[in-house]
Amino acid sequence: MAAAVALPDPGRFAYLKAKDVARLAEAYRFSEAAHAGQTRQSGDPYISHPLAVAEILAGWHLDGQTLMAALLHDVTEDTKVTKDEISDTFGRPVAELVDGVSKLDRIEFQSAEDAQAENFRKMLLAMARDVRVILIKLADRLHNMRTLGAVAPAKRRRVARETMEIYAPIANRLGLNTLYHELQELAFSHLYPLRYKVLAKATAAARGNRREMIGRTLAAVKRKLTESGIPATVQGREKHVYSTYRKMIEKHLSFSEVHDIFGCRVVVSDVPSCYLALGALHALYKPIPGKFKDYIAIPKANGYQSIHTDLIGPHGVPLEIQIRTEQMHRLAESGVASHWMYKDETDKLSELQKQTHQWLQSLLEIQHQSGDPHEFLEHVKVDLFPDEVYVFTPKGKILSLPRGATAVDFAYAVHTDIGNRCVAAKVNGELVPLRAELRNGDRVEIITASHAKPNPGWLQYVRTGKARSTIRHFLKTMQYEESAGLGERLLEQALKSLKSSAAEVDDASWERVVRDSGARSKEELLADLGLGKRLPAVVARRLLKHADPAREDAGAGSVTIRGTEGMAVQLATCCRPIPGDAIVGSIKKGQGLVVHDSDCAASLRSRKNEPEQWIDVEWDPRTTRLFQAAIGVTVENQRGVLAKVASEIADAGSNIDSISMGEDRAVFTTMNFVLEVANRQHLARVMRALRRLPDVKKLSRIRE
Ligand code: MN
């Protein structure tokens, strides 16, 4: 039988409504039953842990939902209880809080790099979405740190390091100063037990030795403030072991040099009194030049406000003084938690809430502008980092990407080559489309293929500048190369019509023509031809400057088209020509070669008006790719007819690229398909197969 669990003093929850206390007792019984039989490393029943976490949060006066969630925070991870069950029993908000904490528990910090630690902290904050989730997690960590002695040494060091690098800085960022220092002290004591012991002993001894001097100095400060008519509380400040250690390391100071400074805090009622107190104390002891800092006028990044001044105290001992108001003090000690801790004092409620609210806004860069203090809770639930998402690489590195970033952005962020060759992605072990949006905490893996190339379609959904510019650059280079290839063939055709060929053109002629044309290279000149920026006939004539004029007009022959020329050759979408169709080509500036069906209405018009743009083209018989053709199918309106048509198309060896439906008439429907076929014969086969279907009433190829 496990040891009995000491229940907390009910007075700790007295700030809650009776109704909430009853719900809390229910949550306790539920959690106790779920964890029944489980024990902690210390041998205590497991329930002692969630109970202690709830007590810590009660110390910060958090609301009933948060305390219930604290009691239940480990049940979905460690027992068979599901999120839905918690939602059904305790309501959705509690279930969301528990779920939020469990999500944070599942991701693990691995890297020791500072930059990674910063990203990991942001990832946690971004994943939490509700500040209360972070507060539960911090209370959970605090209790685990307080009881870390029972844990095996290797795990103890790992948890202590994680606390030092991740959780203590988060507490600091949220302004939870007291918690921040306790986490640091505990983590330090487990990371460096010997150093901690020596320094803690020395700190206690130093305090004892100087007790009398400190007492006299505090009394002098109090007296001076009373004389000046400034009501104030004056307290000596304890030095933390870890901050002493850090100062010794960072500033190369000895223990006594760090400890030879005495700190004291003056808390007054309002801001003007802060400056009055400052004046009075500067009159009492001489200030050390250059040591005055006004964090009231310019608060620290985490919202901290105070006046700091260093004075030369009695016997020449330096005296560090912090002056602040009561409210600044609360925020300095408890940060975001002060909202809940002090909300019972109704007289100061709205002012404090307004301040906490403003502070959170500046701290978390929250965009909401409402001044209504009752909306505070809504505001702490918003996204803490609305513009960023944090994801893991397979090696555990964290990348920060803009919100909405996709697997393609991730691939380019890892490496340009990975981006250029990516074909698929896995997120948390599952295959997802490349356009899938990434979420915080995702583990992303990119699958590449050596032959793969960037796809122009990616430009529609990538979010990072790097992905966008790299894809654009790649496509431009590719288009340039393809255009140069086409230009070479167009030129060959033009030379042929002059009864010559490229082989007959010598290097000197090339050099002369390139120079005269203003192009930077032969390659650029050929690309210009492919893009339609220059006319092949003109360039051909210049290359054969000394050619016999009688050789002209020998019949040009045609340029052959395979359809695999990439962006240099486009098949017009008005008529969608396929191999077997008679075709003509048009060269337009910047568009390269566009191939039309020779009967296409659009091409007929243009051939009449601008004949110089048109050249003869023919299909290369060896072409193997598939081409798009559009057909219209009118069918009898009945269930399952689309499936029948689609399967007939597939059986005939064709793919459907897209389907659009015409107006739904009562009896007949017309469906338009864009199909992939090899050539005219193939299309004829597909259409024959469709005609055999009894439901098909009308069928035709669409070209307009
Ligand atoms: Mn826990």
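Trainee: Let's start with L642: what does it count as at 30% relative accessibility?

Mentor: L642 counts as partly exposed, because its relative accessibility is 30% (buried is under 20% relative accessible area, exposed over 50%, partly exposed in between, with a 1.4 Å probe and protein chains only). Keep in mind that this is a predicted model, where local features need pLDDT of at least 70, side-chain atom pairs count only at pLDDT 80 or more, and totals for chains, interfaces and linings use all residues. Residues are numbered from 1 along each chain as its sequence is written, and side-chain values use heavy atoms, with hydrogens and water left out.

Trainee: Got it. Where does L642 sit?

Mentor: L642 is in helix α27, residues 641–651 (helices are DSSP runs of H or I with at least four residues, strands are runs of E with at least two, numbered from the N terminus). Together with I659 and M661, L642 makes a nonpolar surface patch of about 250 Å² (patch members have over 30% relative accessible area and no salt bridge, with nonpolar side chains joined within 5 Å and like charges within 9 Å; a salt bridge is a Lys or Arg side-chain nitrogen within 4 Å of an Asp or Glu carboxyl oxygen).

Trainee: New topic, the metal! Which residues are the protein donors of the manganese ion?

Mentor: H49 and H73 each give NE2, while D74 and D140 each give OD, at 2.1 to 2.5 Å from the manganese ion (donors are N, O and S atoms within 2.8 Å of the metal, or 3.2 Å for Na, K and Ca; water is not among the atoms, so sites may look incomplete). Along the chain, the donors follow the spacing H-x23-H-D-x65-D. H73, in the loop between α3 (64–71) and α4 (75–78), and D140, in helix α8 (residues 131–146), link distant parts of the chain, 67 residues apart.

Trainee: Are H73 and D140 buried or exposed?

Mentor: Both H73 and D140 are buried.

Trainee: And charges? Which residues gather in the negative patch on the surface?

Mentor: That patch gathers E481, E488, E492 and E523. Its largest share, three residues, comes from helix α22, residues 465–497. E488 lies in that helix and is partly exposed, because its relative accessible area is 48%.

Trainee: What about the positive one, who's in there?

Mentor: K251, K291, K293 and K300 gather there. K251 is in the loop between α13 (241–250) and α14 (255–259), and K251 counts as exposed because its relative accessible area is 53%.

Trainee: Last one: why is E565 called buried?

Mentor: Because the relative accessible area of E565 is 10%. E565 is in the loop between β12 (559–561) and β13 (569–571).

Technical notes. Accessible areas come from the Shrake-Rupley method with a 1.4 Å probe; for residues, only the protein chains shown count as cover. Lys and Arg count as positive and Asp and Glu as negative; His and the chain ends are not counted. The place of a charge is taken as NZ of Lys, CZ of Arg, CG of Asp or CD of Glu.
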